[in-house]
Amino acid sequence: LKHPILIQGAMDSELTLLIQATAPHKFEQVGNFRFWKGAVADTPVVICKTGIGVINAAAATALAVQRYSPRCILNQGTAGAHTRALAVGDVIVGEQVCYLSSFSTERSRGEDPLNPWKPAAFQSPEGETISYHANEVMLRAAKAALADEPRVTFGCIGSGDLWTRDPSSLQALHDMHGTLCEEMEAAAVYLTANNLGVPVLSIRVISNNEGTGEPFDPNSALRAQELTLKLLSFLHT
Ligand code: 5AD
């Protein structure tokens with residue numbers, strides 16, 4: 001029996017197309033976590049609604065790995081841009097994920113857009129880098145699958161329980177961590193997958209850019225699912 005590919009989305013709007021495309025034969029629910037078992041071509045697929053935020057995403061990922069022993073995890077959905085160079089509809093493939101919900105303060109407040117709370121991501125007190133990594137084979141598949149797509153960037157996804165609106169804060173996060181965008185699940189998914197030894201990759205479509213003033217576009221969730229289906233056909237060999 002083939003191990004399934006686990007595909008995740010946080011909200012219904014990020015899952016409807018995927019559920020349609022994988023024609024589920026079974027729906028399973030554990031508490032508030034929902035799973036749809038289906039297939040694309042000959043590849044079994046489990047779709048998982050994680051819910052919003054890193055806590056939900058961590059629990060949903062651990063549960064799904066235990067229940068379904070997926071061969072890999074494809075996390076997908078929307079994200080907000082961290083740089084004015086990105087436009088709504090652009091695609092980000094998460095080579096790394098930087099966790100942005102880790103904070104510390106200085107002993108005194110200065111003239112800084114992020115004070116008093118400083119994102120402490122990437123650095124442990126010992127100066128150790130904290131970032132989580134995508135699987136190399138999945139990254140290569142994504143490069144092949146998305147080769148003919150416009151405006152695809154491979155790089156670092158910022159992730160945490162946050163929604164940053166102030167343009168100077170967005171710029172500061174981008175300058176500090178090199179993050180291209182922010183969303184609310186990938187850090188938990190990557191960390192859990194890395195800890196459990198399951199290959200993982202997140203692809204995100206920019207749905208809003210507070211820096212340029214581009215408002216949230218619900219079509220971004222559809223594009224993320226379309227690209228996920230495209231990538232799926234490069235993964236199931
Ligand atoms: N900041 C944080 N999360 C965002 N999302 C889309 N845009 C942003 C943003 N600018 C995603 C998160 C979450 C949902 C609210 O949308 O991943 O699941």
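How many nonpolar, polar and charged residues does the lining of the largest pocket have? I shall answer that after a few words on the model.

This is a predicted model, in which local features need pLDDT of at least 70, side-chain atom pairs count only at pLDDT 80 or more, and totals for chains, interfaces and linings use all residues. Residues are numbered from 1 along each chain as its sequence is written, and side-chain values use heavy atoms, with hydrogens and water left out.

By class, the lining holds ten nonpolar, six polar and six charged residues. Here Ala, Val, Leu, Ile, Met, Phe, Trp, Tyr, Cys and Pro count as nonpolar, Asp, Glu, Lys and Arg as charged, and the others, Gly among them, as polar. A pocket is an open set of points on a 1 Å grid over the protein atoms alone, where a 1.4 Å probe fits, with protein on both sides within 12 Å along at least five of seven lines; its lining residues have an atom within 4 Å of a point.

In total, 22 residues line the largest pocket, and Thr78, Trp163, Glu182, Glu183 and Met184 lie nearest its centre. Strand E5 (72-81) gives the most to this lining, with four residues. Strands are DSSP runs of E, at least two residues long, numbered from the N terminus.

Let us turn to the ligand. The space that the ligand takes is this largest pocket, meaning that more than half of its atoms lie within 2 Å of the grid points. Around the ligand are 15 residues (each with a heavy atom within 4 Å), and Leu162, Glu182, Met184, Glu185 and Asn208 are the closest. A polar side-chain atom of Glu185 is 2.6 Å from a ligand oxygen atom, while an N or O atom in the side chain of Asn208 lies 2.9 Å from a ligand nitrogen atom.

Methods. Polar contact = N/O pair within 3.5 Å; in protein donor to acceptor, adjacent residues only side chain to side chain.
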